[in-house]
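Dear colleague,

I am handing over the structure below, and after it I set out what was found in it. Please read the notes with the structure open beside them.

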Amino acid sequence: MGQSPTQSPAHSLASVALTGDLARPVRLTVPDLLAWPQHRARVSFECATSGVQHHRFEGPLLHDVLYDAGPGFDPARRKDRLRFLIAVAGADGHHALLTWAEIDPDFAHAPVLLAVGIDDTPLDRAGPQLVLPQDRCGARHISGINAIRVDGRYPSWT
Ligand SMILES: Nc1nc2c(c(=O)[nH]1)N[C@H]1C(S)=C(S)[C@@H](COP(=O)(O)O)O[C@H]1N2
Ligand SMILES: [Mo]
């Protein structure tokens, strides 16, 4: 897996920074994201202002990419994962929060993608997109992702 810094002058590749409670924070380009198993999804979503859209996406599972960055929970204790949030942000500031349990195979196991292609067009320059095939509304289909922060700051309620 490539971990070189982006803003490669020759190609001006977009990149996404994985930060927060991770053992191995990293900055990844869309070509870097091809290193994980690729999944496909046909998605329809409705925008409150522009109506229904249909797209085909492909890319790695968000869970696979984040898991490899070493989230700071105890992998042997399922309950320990329940305090983790994932903040996904586009370069324009649009953002959404997911819980770790939403994408964890032991919990909701949502097939959330970090898409590297939309309708057969690579997203190398535009940046990856968050794809939640289970969402009816399109608002969480964040385009031009440039930051994902994993946040386990809820260790205890007391
Ligand atoms: N970065 C970014 N992604 C975004 C938005 C946005 O404002 N910024 N709007 C969301 C909303 S409300 C919808 S409905 C879909 C619309 O997808 P489209 O931009 O392909 O039309 O994108 C979502 N992703
Ligand atoms: Mo929307």
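Strand β3 and strand β4 (residues 51-59) pair in the antiparallel sense over nine bridges, where strands are DSSP runs of E with at least two residues and helices are runs of H or I with at least four, both numbered from the N terminus, and where two strands pair if DSSP finds at least two bridges between them. A hairpin through three residues joins β3 to β4. Within this pairing, Ala41 has Phe57 of β4 as its bridge partner, and Ser44 stands opposite His54 in β4.

Before going further, please keep in mind that this is a predicted model, in which local features need pLDDT of at least 70 and side-chain atom pairs count only at pLDDT 80 or more, while totals for chains, interfaces and linings use all residues. Residues are numbered from 1 along each chain as its sequence is written, and chains are lettered from A and ligands numbered from 1 in the order in which they are written.

The pairing of β3 with β4 belongs to an open sheet of four strands, in the order β3-β4-β8-β9, with antiparallel pairing. Because β3 (39-47) and β9 (121-122) stand at the edges, each with a single partner strand, one side of each is left without a neighbour in the sheet. On the way across, β4 is joined to strand β8 (residues 117-118) by two bridges, and these two strands run antiparallel; here Glu58 stands opposite Gly117 in β8. As a general point, the side chains in a regular strand alternate between the two faces of the sheet.

The loop between β8 and β9 holds Asp119, which has a positive phi of about 50° although it is not a glycine. Asp119 counts as exposed because it has 9 C-beta neighbours inside 10 Å; by the rule used here, a residue is exposed if 12 or fewer other C-beta atoms lie within 10 Å of its own, buried if there are 20 or more, and partly exposed in between, with C-beta atoms placed from the backbone. His109, in the loop between α2 and β7, also has a positive phi of about 50° without being a glycine, and His109 is partly exposed, with 13 other C-beta atoms within 10 Å. For context, most residues other than glycine have a negative phi.

What makes up the interior? The largest nonpolar core has 31 residues, of which Leu62, Val112, Leu113, Ala115 and Leu130 touch the most other members; such a core is a set of buried Ala, Val, Leu, Ile, Met, Phe, Trp, Tyr and Cys residues joined through C-beta atoms within 7 Å. Among the elements that give two or more residues to this core are β1 (15-20), α1 (62-68), β5 (85-90) and β11 (145-151). Ala115 touches Phe57, Glu58, Gly59, Leu123, Pro128, Gln129 and Val131, not counting residues up to four places away in sequence, a contact being two C-beta atoms, placed from the backbone, that lie within 7 Å.

Ile148 lies in strand β11 and counts as buried, with 26 C-beta neighbours inside 10 Å; apart from neighbours within four places in sequence, Ile148 is in contact with Val16, Leu18, Ile86 and Val88. Trp100, in helix α2, is likewise buried, with 23 C-beta neighbours inside 10 Å, and its contacts beyond four places in sequence are Arg81, Phe84 and Ile86.

Which residues are around ligand 1? They are Cys47, Ser50, Gln53, Gly90, Asp92, His94, Gly138, Ala139, His141, Ile142, Ser143 and Gly144, each counted as near if its C-beta atom, placed from the backbone, lies within 6 Å of the ligand. By class, this shell has three nonpolar, eight polar and one charged residues, where Ala, Val, Leu, Ile, Met, Phe, Trp, Tyr, Cys and Pro count as nonpolar, Asp, Glu, Lys and Arg as charged, and the others, Gly among them, as polar. Gly93, found in the loop between β5 and β6 (95-99), is exposed, with 7 other C-beta atoms within 10 Å.

Finally, the unreviewed UniProt entry carries the annotation "domain: Oxidoreductase molybdopterin-binding" over residues 16-125; its positions are given in the numbering used here, its feature names are shortened, and annotations may be inferred rather than shown by experiment. Over residues 16-125 the chain is 10% helix and 41% strand, and the end C-alpha atoms are 11 Å apart.

With best wishes
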